[in-house]
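Here is a briefing on one protein structure. Sequence and model come first, then the notes by topic.

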Amino acid sequence: MSTWANLGVQDSASPLMEQLIFFHDHALLILVMITVLVGYLMFMLFFNNYINRFLLHGQLIEMIWTILPAIILLFIALPSLRLLYLLDEINEPSVTLKSIGHQWYWSYEYSDFNNIEFDSYMIPTNELSMDGFRLLDVDNRVILPMNSQIRILVTAADVIHSWTVPALGVKVDGTPGRLNQTNFFITRPWLFYGQCSEICGANHSFMPIVIESVPVNYFIKWISNNVNS
Ligand code: CUA
């Protein structure tokens, strides 16, 4: 999760988020180079002493400063498209989680395991324990196995919500009447925090997501305990 003075992106916990960060840094570097160049040229215009008063056209320079930016844009567009299609790829998921957005909480279903289902509400500030995170902790966490391909299905029961967990690189809208799909792979055991990111009503800010990533055998223990009860 994001903590004090963390102005950049969170550490990635999935290969796709890692790629997203690489692409962000790549695009930012190009952006900085263009800004510095254009800034330098504009600054230098102040000291123009009108040497070329009779210059009316320049075919060559027009050609260069038209084609060059187009080529630079290609260097952003092609990696961007690669990532876009990579994000949509589904690789034989071993667990499927279904999350349903409600006003204003998330509910989850593990359809692979005798349809375990539960609601996940934010813990109100006045009920928060000393080690809890305000506006971010929930009563029932999503338990998921690490080092496994996980498919997530997102939908909503009332208005549009968005299931968003930055460290995993997941951001999928839950839309009433539609079932959206994505997948991710968690690389380490940890708690991952997320929030709804579609403006869904008065308590939009108060429907956080907490994922508890655990080793696979722990996940199996947890799931079998819940199937029997
Ligand atoms: Cu649900 Cu915003």
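The protein exposes about 14800 Å², and carbon and sulfur atoms supply 63% of that area. Accessible areas come from the Shrake-Rupley method with a 1.4 Å probe; for residues, only the protein chains shown count as cover. This is a predicted model: local features need pLDDT of at least 70, side-chain atom pairs count only at pLDDT 80 or more, and totals for chains, interfaces and linings use all residues. Residues are numbered from 1 along each chain as its sequence is written, and side-chain values use heavy atoms, with hydrogens and water left out.

**Overall build**

- The protein has three helices and 10 strands. Helices (H or I, at least four residues) and strands (E, at least two) are DSSP runs, numbered from the N terminus.
- Along the sequence the pattern reads α-α-β-β-β-β-β-β-β-β-β-β-α.
- The radius of gyration is 24 Å, well over the 17 Å that the globule rule gives for 229 residues, so the protein is more spread out than a compact globule. The radius is taken over C-alpha atoms, and the rule is 2.2 Å times the number of residues to the power 0.38.
- Taken along the principal axes, the C-alpha atoms fill a box of roughly 90 × 40 × 35 Å.
- Of the 229 residues, 31% are buried. Buried means under 20% relative accessible area, exposed over 50%, and partly exposed in between (1.4 Å probe, protein chains only).
- Among contacts with a separation of 6 or more, 65% join residues 24 or more positions apart. Contact means heavy atoms within 4.5 Å.

**Helix H2**

- Ile76 lies in helix H2 (residues 59-87).
- Ile76 is partly exposed, at a relative accessible area of 24%.
- Leaving aside neighbours within four places in sequence, Ile76 is in contact with Phe23 and Ile30.
- Ile76 and Phe23 are 53 residues apart along the chain, yet their C-alpha atoms are separated by 8.5 Å.

- S1 and S2 pair in the antiparallel sense over five bridges. Two strands pair if DSSP finds at least two bridges between them.
- Two residues separate S1 from S2 in a hairpin.
- Ser99 sits in strand S1 (residues 95-102). Its bridge partner in S2 is Tyr108.
- Ser99 is buried, with a relative accessible area of 0%. Not counting residues up to four places away in sequence, Ser99 touches Trp106, Ser107, Tyr108, Ile152, Leu153, Val154, Thr155 and Trp163.
- Strand S2 (residues 105-110) has six of its six residues buried, so it is largely enclosed by the rest of the structure.
- Both faces of S2 are covered: buried Tyr105, Ser107 and Glu109 lie on one side, and buried Trp106, Tyr108 and Tyr110 on the other.
- S2 also pairs with strand S3 (residues 116-120), antiparallel, over five bridges. Tyr108 has Phe118 as its bridge partner in S3.
- The S2 and S3 hairpin has five residues between its strands, and Asn114 in the turn has a positive phi of about 55°.

**The five-stranded sheet**

- Five strands form an open sheet with mixed pairing, in the order S4-S10-S9-S6-S7.
- Its edge strands are S4 (142-145) and S7 (170-174), and each pairs on one side only.
- Neighbouring strands of this sheet are turned by 25° against each other on average, direction ignored. Axes are lines fitted to C-alpha atoms, for helices over the stretch in contact, and angles run from 0 to 180 degrees between N-to-C directions.
- S4 and S10 run parallel and share four bridges. Leu144 is the bridge partner of Ser213 in S10.
- S9 and S10 run antiparallel, joined by five bridges. Here Trp190 stands opposite Ser213.
- Strand S6 (residues 161-165) and strand S9 (residues 190-196) pair in the antiparallel sense over two bridges. Thr164 stands opposite Gln195 in S9.
- Strand S10 (residues 209-214) is mostly covered, with five of its six residues buried.

**Nonpolar core**

- In soluble globular proteins, nonpolar side chains tend to be buried together.
- The largest nonpolar core here has 31 residues. Such a core is a set of buried Ala, Val, Leu, Ile, Met, Phe, Trp, Tyr and Cys residues joined through side-chain atoms within 4.5 Å.
- Tyr110, Leu144, Trp163, Leu168, Phe184 and Ile211 have the most contacts inside the core.
- Ile211 is in contact with Val142, Leu144, Trp163, Val165, Leu168, Ile186, Trp190, Leu191 and Phe192, leaving aside neighbours within four places in sequence.
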